Amino acid sequence: MKKLTFFFALLALAFLPACHEHDEGPTADFTVTFKSNFAGEQLTKYKNYPYGLAGIPLQFTRFSTYLSDIELIKADGSSHRLAEIEYVDFTPENASTDLSATPAITYKNVPEGEYTGLRIGYGVKPSLNAKDPADFDNNHPLAKEIEYWSGWNSYIFTKIEGKADSENNGSLDISLLYHCGSDAVYKVYAFATPIHVHAGEPGIAVNFDLEKIFTMDDGSYYDIVTNFYTSNNPNDIIVAQVLMHNFEKATTVVQ
Amino acid sequence: MKNLFSKIFIGLALATGILACKDMPNKDPEPGDLESIPYNPQPYTIVKPSFFPNVPVPADNPMTADAVQLGRRLFYDPILSADSTMSCSSCHLPQGNFTDNEAVSIGIDGIAGRRSSMALLNIAYATNGLFWDGRSSSLEDQALRPVEDPIELHNTWPQVVEKLKDHPTYPTLFRKAFGINDRDQITKELAAKAMAQFERILISSGTSKFDEFKQGNIDIFDDEELDGFLMYFEEAWQYGLNLPDAQCFHCHGGITLTGNNYFNNGLDSVGSLDEFTDLGRFEVTGNHSDKGKFRTPTLRNIALSAPYMHDGRFQTLEEVVENYSKKGFGVANEDPNLPLMGLNAPNNTLSEAHKKAIVKFLHTLTDTVFVKNPDIQNPFQ
């Protein structure tokens, strides 16, 4: 009998850590709102923004991005994953206005508490990028055929399209076509900021500032006249690397 | 005597009346008049190539064999039009990739529509709006509209539903498809559901030359077709070739060769967006910058779908490629991909050989197995 009791005690101990992982503390709905800006102003399609030191007119016509493993970070270094993958489209085709969309996604059953930051994977993480749209149900974010490029064997992580008036003479003479993809340009960035998750409290806004996506680390503006498109060759990812790198400083998280 | 004649007259009149009533449509059917007909819905598995994604099917309209057959019959039946002369298939014929191969379609009153009939191949995957302007959000909604459009079938749904109820065959078919108990339960919504189910089976066979190439038969393309493919998808680097980018796949990408997005693809030189003859997507969204934008059609079977564009202005694929090679007119909302057509070619301009190769590649998208599929042909023939 003693042996039997000991056996069951061992069994219970074995299951204890697993139970601990499913801490049944209070949870709350938590909303993340994604916003796109240019120099702090809500992005508007077809609007002329002054770009660079010369202030040449720059317009955007499309801005969408995949985000992977969006996680709330705890002080002890652990995290709670809100989403494995999201497709955020700031310029949806059913909009009645050129003002950019502000998609708000509410995550259920998020453990209440104090978090110290947010971590985001920019693009489609390699384990998912190894798949293709046919691998997913129709409503899945990765089922979008038009966001996949078979030539790269990759999703197009980010699409930024627009036009620029390089001579500042009223003619939008430069087409901008930045389609960034392939595992090599996937980035993960963490943003340290206090985030309180409690029922009834506001969620967070994740802002992407397109001006900063085109701003280099030294503060200079990216030469969009010379580098007006991303290469089709996945071995030539210089432009895509620059833009995906700049996403870090282009992102702000506020509650 | 006079009494006798009166009695005979009244008797004959009554008898005639009774006989006449017997031949008249059953205007007031008994409740449950279809219940004796078996209702055994069998799930319908949509046939598609293995490398195609699953076909989206709404939860409230599951595919059944009987509903597909009902939809097929309705699709081809002129009973839907006011004068019983035209059906959906009048403008969507299998041999034309389910278009009518006319610049614009003509309705029952001889009035020309504004736009060309759109191909229905792989229409089940079009989940970003239907019609050229995207005004319908589902096949079920789309199927309702041509019936009451005055320049198409110019009928009313109450009249169609009455004809269906009084028809010798349709009540039974509706019973088998949807389990209705009596003919009074036939509705326009059920008719639309059936037609939507039929349209969902209009899927590529996966046997085009392009499909065979994509499935690994890389020798199936000749050099010109391969060049066209590489320019279309901008994959010349994979072969170490120096070919320009044709920018096609940005709009006509994915397995169905359409993203079902909306673009101003550089057809008209207008001073302001208000000058477009057809305002396109704007009519749905009300967004000024959507003026002159239209939904991208699939390029699968494009060689069978002439003429081209929303107004059928181009008769040949050569004309289409030639127009794109002009890179638009600089209109405010033209897609930024347009000016990049021919990128990396000398002067960033496609040569005649490049254009020819692209057209030749477009012909590899032809899927004759699909258009000849007996399951999608006119059941009345």
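Q: In this predicted model, why are α11(B) and α12(B) called oblique to each other?
A: Helix α11 (residues 317-325) of chain B and helix α12 (residues 352-363) of chain B pack at an angle of about 130°. Roughly perpendicular covers 65 to 115 degrees and roughly antiparallel begins over 145, with the rest counted as oblique. The two helices α11(B) and α12(B) are therefore oblique. Their axes lie 10 Å apart, and α11(B) passes α12(B) in a right-handed crossing.

Q: Which residues make the contact between α11(B) and α12(B)?
A: From α11(B) come B:L317, B:E318, B:V321, B:E322 and B:S325. From α12(B) come B:K355, B:I358, B:V359 and B:L362.

Q: How does that contact of α11(B) with α12(B) divide by class?
A: There are five nonpolar, one polar and three charged residues.

Q: Where is the cis peptide bond that joins B:A306 and B:P307, and what is its omega?
A: Omega at this bond is about -5°. B:P307 sits in the loop between β2 (294-295) and α11 of chain B.

Q: Which residues touch the most other members of the largest nonpolar core?
A: They are A:F157, B:Y232 and B:I358, in a core of 90 residues. Strand β4 (residues 56-73) of chain A supplies the largest share, eight residues.

Q: What is B:Y232 in contact with, leaving aside its neighbours within four places in sequence?
A: Its partners are B:A246, B:C248, B:F249, B:I358 and B:F361. One of them, B:I358, is named with B:Y232 among the residues that touch the most other core members.

Q: How many residues are in the second, separate core?
A: That core has 52 residues, including B:F98, B:A177, B:F178 and B:I376.

Q: What makes B:F98 count as buried or exposed?
A: B:F98 has 26 other C-beta atoms within 10 Å. A residue is buried at 20 or more, so B:F98 is buried. B:F98 lies in the loop between α2 and α3 of chain B. Its phi is positive, about 60°, although B:F98 is not a glycine.

Q: Where else is there a positive phi in a residue that is not a glycine?
A: A:S182 has a positive phi of about 90°. A:S182 is placed in the loop between β10 (174-181) and β11 (187-197) of chain A.

Q: How do you know whether A:S182 is buried or exposed?
A: The count for A:S182 is 21 C-beta neighbours inside 10 Å. The cut-off for buried is 20 or more, so A:S182 counts as buried.

Q: Why is B:S137 called partly exposed?
A: B:S137 has 14 other C-beta atoms within 10 Å. Exposed requires 12 or fewer and buried requires 20 or more. The count of 14 falls in between, so B:S137 is partly exposed. B:S137 is in the loop between α2 (65-76) and α3 (139-148) of chain B. Its C-alpha atom is separated by 9.1 Å from that of B:A126, 11 residues apart along the chain.

Q: What makes A:N138 partly exposed?
A: A:N138 has 15 C-beta neighbours inside 10 Å. A:N138 is found in the loop between α2 (126-129) and β8 (148-149) of chain A.

Q: What does A:N138 touch, not counting residues up to four places away in sequence?
A: A:N138 touches A:A143 and, in chain B, B:P53, B:N54 and B:P56.

Q: How many residues does each chain give to the contact of chain A with chain B?
A: Chain B gives 30 residues and chain A gives 29 residues. On the side of chain B that touches chain A, 12 are nonpolar, 15 polar and three charged.

Q: What is the secondary structure of chain B, and what is that of chain A?
A: Chain B comes to 13 helices and two strands. Chain A has four helices and 13 strands.

Q: How much of chain B counts as buried, and how much of chain A?
A: In chain B, 47% of the 381 residues count as buried. In chain A, buried residues make up 37% of the 255 residues.

Methods
Residues numbered from 1 in each chain as written. Chains lettered and ligands numbered in written order. Predicted model: local features only at pLDDT ≥ 70, side-chain atom pairs only at ≥ 80, totals over all residues. Contact = placed C-beta atoms within 7 Å. Nonpolar A, V, L, I, M, F, W, Y, C, P; charged D, E, K, R; others polar. Axes fitted to C-alpha atoms, helices over the stretch in contact; angles between N-to-C directions. Parallel < 35°, antiparallel > 145°, perpendicular 65-115°, else oblique. Left-handed = near helix turned anticlockwise from the far one by under 90°. Core = buried A, V, L, I, M, F, W, Y, C linked by C-beta atoms within 7 Å.
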